Structure formats: structure tokens, C-alpha cells
Amino acid sequence: MFGGSNYEEARRRLVEKLILEGVIKSEKVKKAMLAVPREQFVPENVRRWAYIDEPLPIGYGQTISAPHMVALMTELLDPNPGEIVLEIGTGSGYQAAILAEIVAKNDPSGRGHVYTIERIPELAEFARRNLEKTGYIKYVTVIVGDGTLGYPEKAPFDKIIVTAAAPSIPRPLIEQLKPGGIMVIPVGDLGLQRLLVVRKKSDGSISVYEDTYCVFVPLIGRHGWSEENIY
């Protein structure tokens with residue numbers, strides 16, 4: 001089992017692997033992946049596997065994405081210091097911490113912030129605790145609710161990231177994305193999705209770029225899958 005410095009070494013080796021594989025391309029994503037301790041965002045019984053490049057169970061039928069997927073989605077989202085980001089699907093809080101490291105922690109303007117929505121109250125609380133113990137809670141607001149509705153109270157957002165599989169792009173999320181903004185979202189059926197990069201133009205129309213195939217847990221909500229159809 002890893003201990004303190006061994007976790008850091010495992011993190012460094014994982015980041016080096018993702019750089020060699022071409023997943024991590026930018027210095028900001030590299031620094032964020034090195035800074036955020038993934039072992040603090042997984043249940044204790046799977047902590048020893050925190051730096052294996054695989055999804056891990058976090059309870060309630062949910063998973064923390066594999067590190068390569070977190071890095072890839074962050075690269076595609078292209079977050080920058082001072083931006084306001086909406087995340088749909090908080091999970092354990094790890095992706096929110098990676099985003100907060102980039103947009104808020106070293107933002108001299110103090111504007112950067114991550115709003116993240118989780119539908120499962122117990123997971124939202126797990127994420128809050130993880131963000132508190134790692135110091136990221138000051139840059140992240142965790143909300144319990146239907147992520148497919150977005151978060152109109154703080155819209156529009158510079159960037160939106162969705163970490164669950166949608167049958168289509170939820171209309172409220174398109175509406176809450178700023179002109180010039182980017183959304184990254186997996187869209188497809190329950191067995192296989194395509195990672196989409198959605199860009200909103202100044203006239204409100206969108207362009208969609210299709211990236212890699214992927215498999216995520218379903219996005220459940222009014223503009224996603226219904227719970228009755230999943231279970």
C-alpha cells in the first residue's frame with residue numbers, strides 16, 4: 001500500500017505516462033494533475049489503486065473517471081484562470097478539484113470558481129469532505145440537484161463539463177453557456193458514447209466536434225435519462 005511520499009511518486013509516474021501517451025498536452029493540465037492528490041478523492045478501501053489508470057468505484061453505483069479521461073476532458077475544455085466553470089456530476093470531487101486548481105487557485109483576479117452539481121446527496125457530501133480536506137472547497141460550490149437543468153443562478157458559464165452520459169445535449173446547458181464558451185459532454189446510448197466538444201458562437205448557434213469513444217455512467221434527469229429506464 002502507498003504512503004505519503006509513495007503516493008506522490010505514483011502520481012508523478014502516472015502524469016509522465018499520460019504525457020508520453022499524448023493525453024496531457026498543456027502545462028496547466030500537467031501541473032493540475034500533479035497538484036491534486038487523487039488518493040484523497042477515492043474511498044479508503046480502493047486508495048491503494050488511486051494511481052492505476054482505471055475508473056474506481058466510489059459508491060452508489062458511481063465511479064471516479066480514469067485519470068486519462070479526466071486529463072483528456074480537461075484538455076478539451078481548455079479552462080483558464082478567472083473562468084467560471086459548471087460541472088455536472090460531482091462524484092467524489094476530483095474533477096472539480098482539477099478544474100479549481102487551474103481556474104481559481106492561482107487566479108489573481110479572485111473571479112475563478114467551479115460550481116458542481118450532484119444528484120446523489122450522499123456523494124455530494126463525500127465530495128464536500130474531500131474538497132475540504134484538500135483545501136479546494138474555497139474554490140468549489142457543491143450543489144445537490146438535477147444537473148441537466150444546469151445552474152441558472154450563476155449562468156452564463158465560460159465552460160461546462162458533463163461527467164455522465166447523456167442521450168443528447170441538454171438544452172438548458174446550451175442556453176447557460178456563454179458565447180465563445182466550450183462544453184465537453186459524452187453523448188450516446190447507455191453502452192457507448194462519443195465525447196463531444198460543443199462551442200457556442202456569438203449568434204448563439206453551436207458547433208460540435210466529435211472526439212473519442214467512451215463509456216460513462218448515465219446522466220439522469222429531466223433532460224437526460226429517466227431513472228425508471230436505467231434500473
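Me: With which residue does Arg12 form a salt bridge?
Reply: A salt bridge is counted when a side-chain nitrogen of Lys or Arg is within 4 Å of a carboxyl oxygen of Asp or Glu, and for Arg12 the closest N and O atoms of such a pair are 2.4 Å apart.

Me: Which pLDDT do side-chain atom pairs need in order to count?
Reply: Residues are numbered from 1 along each chain as its sequence is written, and side-chain values use heavy atoms, with hydrogens and water left out. This is a predicted model, in which totals for chains, interfaces and linings use all residues and local features need pLDDT of at least 70, whereas side-chain atom pairs count only at pLDDT 80 or more.

Me: How many residues apart are Glu9 and Arg13 in helix 1?
Reply: The side chains of Glu9 and Arg13 meet in a salt bridge, with a distance of 3.6 Å from N to O. Both residues belong to helix 1, which covers residues 4-20, and they are separated by about one helical turn because their spacing along that helix is four.

Me: Is Arg13 buried, partly exposed or exposed?
Reply: Buried means a relative accessible area under 20%, exposed means over 50%, and partly exposed is in between, using a 1.4 Å probe and protein chains only. The relative accessible area of Glu9 is 31%, so Glu9 is partly exposed. Arg13 has a relative accessible area of 43%, and therefore Arg13 is partly exposed.

Me: Which residues are linked with Glu9 in a network of salt bridges?
Reply: Arg12 has a relative accessibility of 32% and Glu16 one of 39%. The residues linked with Glu9 in the network are Arg12, Arg13 and Glu16.

Me: Which side chain does a polar contact of 2.4 Å join to that of Glu39?
Reply: Glu39 sits in the loop between helix 2 (27-35) and strand 1 (56-59), and it is buried, with a relative accessible area of 7%. Leaving aside neighbours within four places in sequence, its contacts (heavy atoms within 4.5 Å) include Tyr7, Arg11 and Arg47. A polar contact is a pair of N or O atoms within 3.5 Å, where within protein one must be able to donate a hydrogen and the other to accept it, and residues adjacent in sequence count only if both atoms are side-chain atoms. The side chain joined to Glu39 in this way belongs to Tyr51.

Me: Which strands are the edge strands of the sheet?
Reply: Seven strands form an open sheet of mixed pairing, in the order 5-4-3-6-7-8-9, where two strands pair if DSSP finds at least two bridges between them. An edge strand pairs on one side only, and these strands are strand 5 (140-144) and strand 9 (206-214).

Me: What is the bridge partner of Ile161 in strand 7?
Reply: Strand 6 (residues 157-162) and strand 7 (residues 177-188) run parallel and are joined by four bridges. In one of the bridges to strand 7, Ile161 has as its partner Val184.

Me: What positive phi does Tyr60 have?
Reply: Tyr60 is found in the loop between strand 1 and strand 2 (62-64), and it is exposed, with a relative accessible area of 51%. Although Tyr60 is not a glycine, its phi is positive, at about 60°.

Note on methods:
Helices (H or I, at least four residues) and strands (E, at least two) are DSSP runs, numbered from the N terminus.
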